[in-house]
Amino acid sequence: MNKPITRSTINANMLKILEVFLDAPDTPLVGVDIAIETGLAQSTVSQVLAALREAGWLVRTRQTDTTPQSPWKPYVLHEDTRLWLSHARGDIARLTGASR
């Protein structure tokens, strides 16, 4: 079921999206918010989120009390992914050209 993320499947869009999760590691995020934050098309964000979910890097959260009518289920980073990415944060920033 888990389709691994490999060096050949990581791209700039994926790195931008992962950086958004790192900026708010405990905040559940939905695709539309990620699209706004990154400037990426919603369809691109959806494809990347699906790939990250298939790889086990993201998990869907339960609907929260703050967004009961939302048709989107938020994502959060898997705990192991969060730990790994926090160590790789400098590399991610360098690869995306970000200065956050």
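Modeller: Helices (H or I, at least four residues) and strands (E, at least two) are DSSP runs, numbered from the N terminus. In this predicted model, local features need pLDDT of at least 70 and side-chain atom pairs count only at pLDDT 80 or more, while totals for chains, interfaces and linings use all residues. Residues are numbered from 1 along each chain as its sequence is written, and side-chain values use heavy atoms, leaving out hydrogens and water.

Biologist: Thanks! How many helices and strands are in the chain, then?

Modeller: The chain has four helices and two strands. Read from the N terminus, the order is α-α-α-β-β-α.

Biologist: And how do I read burial here? What percentage of the residues is buried?

Modeller: Buried means under 20% relative accessible area, exposed means over 50%, and partly exposed is in between (1.4 Å probe, protein chains only). Of the 100 residues in the chain, 33% are buried.

Biologist: Now contacts. What share of them joins residues at least 24 apart?

Modeller: A contact means heavy atoms within 4.5 Å. Taking contacts between residues at least 6 apart in sequence, 57% join residues at least 24 apart.

Biologist: Let's turn to helix packing. At what angle do α1 and α2 pack?

Modeller: Axes are lines fitted to C-alpha atoms, for helices over the stretch in contact, and angles run from 0 to 180 degrees between N-to-C directions. Helix α1 (residues 12-23) packs with α2 at about 105°, their axes 10 Å apart. As for naming such angles, under 35 degrees counts as roughly parallel, over 145 as roughly antiparallel, 65 to 115 as roughly perpendicular and the rest as oblique. That is why α1 and α2 are called roughly perpendicular to each other. On the α1 side the contact uses K16, I17, V20 and F21, and on the α2 side I34, E37 and T38.

Biologist: What kinds of residues make up that contact of α1 with α2?

Modeller: For sorting them, Ala, Val, Leu, Ile, Met, Phe, Trp, Tyr, Cys and Pro count as nonpolar, Asp, Glu, Lys and Arg as charged, and the others, Gly among them, as polar. The contact of α1 with α2 has four nonpolar, one polar and two charged residues.

Biologist: Which residues join α1 to α3?

Modeller: These two helices pack at about 75°, with axes 10 Å apart, and α1 and α3 are therefore roughly perpendicular to each other. From α1 come N13, M14, I17, L18 and F21, and from α3 come T44, V45, V48, L49, A51 and L52. They divide into nine nonpolar, two polar and no charged residues.

Biologist: That leaves α2 and α3. At roughly what angle do their axes cross?

Modeller: The axes of α2 (residues 31-38) and α3 (residues 42-54) cross at roughly 120° and come within 9 Å. The contact is built from G31, V32, I34, A35 and T38 of α2 with Q42, V45 and L49 of α3. Five of these residues are nonpolar, three polar and none charged.

Biologist: Could we finish with single residues? Where is P74 found?

Modeller: P74 is in the loop between β1 (58-60) and β2 (75-77), and P74 is buried, at 5% relative accessible area. The C-alpha atoms of P74 and V30 are 4.5 Å apart, though 44 residues separate them along the chain.

Biologist: And which residues does R60 touch?

Modeller: R60 lies in strand β1 and is partly exposed, with a relative accessible area of 42%. Not counting residues up to four places away in sequence, R60 touches R53, K73, P74 and Y75.
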